[in-house]
Amino acid sequence: MEVDLASGSFAVNVKDLSKRFGDKVAVDSVSFEVKRSEVFGFLGPNGAGKTTTIKMLTTLLPPTSGQAKILGLDLRSEGKKIRQRIGVVQQQDSFDQGLNVETSMNLYGLIWDVPKQERRRRIDELIERFEMQEFRKKQVVDLSGGQRRRLQVAREFIHDMDLLFLDEPTVGLDPLARRAFLDFFKEKVKDGLTIFFTTHIIEEAEYLCDRIAVMNEGRIVEIDTPGNLKRRFGSAKAVEFRLLEGASKNLVKALSSSEVVNKLVLDELSGTYRATTSKPELVIPELYRLADKLSLHISSIYIAETTLEDAFISLVKNGSGNDSSHVHSGESYAAASPPRGSFKEAE
């Protein structure tokens with residue numbers, strides 16, 4: 001990928017950036033650009049190099065080789081100027097455990113030289129927006145994991161910034177709180193903020209990100225919009241259906257032997273069959289033919305579209321068509337829970 005480091009239209013310009021720890025290559029010659037006022041997502045299995053990349057781009061870790069510009073500033077020689085214009089939310093807690101929530105936020109604003117009156121206004125605003133009123137006077141050490149995460153993310157918005165790095169910011173939050181966070185991030189992007197976002201929840205990436213880089217074993221496998229990634233790499237679709245009669249071993253046996261069905265599974269909680277296929281247009285008439293032959297009645301049927309998770313798994317396991325030699329089988333990936341019960345092999 002060719003990257004123009006001289007271009008001023010990008011918030012982040014990275015060219016052949018690498019990081020080695022002894023003989024281990026954590027990040028291997030990655031190159032990419034992040035546009036201003038976009039949400040750029042980083043997806044990858046554990047150990048892919050996402051956090052190491054963020055640490056280099058935020059000047060917390062010196063690169064072994066390569067070049068990068070952050071907001072037009074050179075990563076190697078202008079680190080102090082970069083730090084003055086960015087925000088960072090890391091995975092680990094980074095506040096004094098002996099302070100209460102309000103005091104912790106006030107101290108953070110003081111460190112960033114936010115004027116006292118403005119500091120007070122922003123603290124009140126953020127405490128209300130992130131629903132921390134009930135524990136604003138509570139000591140950090142006594143907070144739950146989700147409450148700590150709210151504080152860590154909220155306090156970063158006390159100061160002004162042009163670029164925000166979020167490393168799995170919603171860990172420990174319930175679904176409603178996660179969505180509230182994502183909507184808040186969207187509002188800030190509309191106001192001109194650029195966000196560099198990593199997550200282990202694929203639905204978050206699809207909801208928030210304008211473009212996504214898929215990373216595996218230190219290399220960037222592919223960069224594209226969520227929609228394009230699904231179209232290009234999520235070829236497997238599924239036909240989901242239910243029978244009025246419930247389960248049918250005869251139908252399972254007949255449909256499983258069809259050349260156009262890759263796999264047939266059953267969600268025992270909902271009674272839904274899921275036939276994985278690349279040709280749903282052939283599966284549906286075959287299903288109706290078999291149901292009629294076996295005197296069965298289909299109560300519901302629909303095509304489940306390709307998901308970003310499908311595309312992600314395909315990319316990590318098989319790699320990009322443009323650079324498959326650089327990709328190997330990834331580690332296990334913790335995705336969000338499926339919306340129904342657990343599918344099991346149909347019998």
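Tutor: A polar contact is a pair of N or O atoms within 3.5 Å, one able to donate a hydrogen and the other to accept it; residues adjacent in sequence count only if both atoms are side-chain atoms. The model is predicted: local features require pLDDT of at least 70 and side-chain atom pairs 80 or more, while totals for chains, interfaces and linings use all residues. Residues are numbered from 1 along each chain as its sequence is written, and side-chain values use heavy atoms, without hydrogens or water.

Student: What makes the approach of the Arg-119 side chain to the backbone oxygen of Val-114 a polar contact?

Tutor: A polar atom of the Arg-119 side chain lies 2.7 Å from that oxygen, and the limit is 3.5 Å, so the pair qualifies. The Arg-119 side chain also makes a polar contact with the side chain of Asn-106, at 2.9 Å.

Student: Which residues does Arg-119 touch beyond four places in sequence?

Tutor: Arg-119, in helix H4 (residues 116-129), touches Asn-106, Gly-109, Leu-110, Val-114 and Ile-158, contact being heavy atoms within 4.5 Å.

Student: How do you know that helix H5 is largely enclosed?

Tutor: In H5 (residues 145-155), 10 of the 11 residues are buried, so the rest of the structure largely encloses this helix. Among them are Arg-148, Arg-149 and Arg-150. The buried residues of H5 pack against E6, helix H3 (101-111), H4, E7 and H6.

Student: What makes strand E7 an enclosed strand?

Tutor: E7 (residues 163-167) has 5 of its 5 residues buried, so it too is largely enclosed. Leu-163, Phe-165 and Asp-167 cover one side, and Leu-164 and Leu-166 the other.

Student: Why are E6 and E7 called paired?

Tutor: Pairing requires at least two DSSP bridges; E6 (residues 86-89) and E7 have 4 and run parallel, so they pair. Within this pair, Val-89 has Leu-166 as its bridge partner. E7 is likewise joined to E8 (residues 194-198), in parallel, by 5 bridges. From E7 the chain passes through helix H6 (residues 175-190) to E8 in a right-handed β-α-β crossover (clockwise from the first strand over the helix to the second, with the strands pointing away from the viewer).

Student: How many helices and strands does the protein chain contain?

Tutor: The chain has 11 helices and 15 strands, counted as DSSP runs of at least four residues (H or I) and at least two (E), numbered from the N terminus.

How values were computed: Buried means under 20% relative accessible area, exposed over 50%, partly exposed in between (1.4 Å probe, protein chains only).
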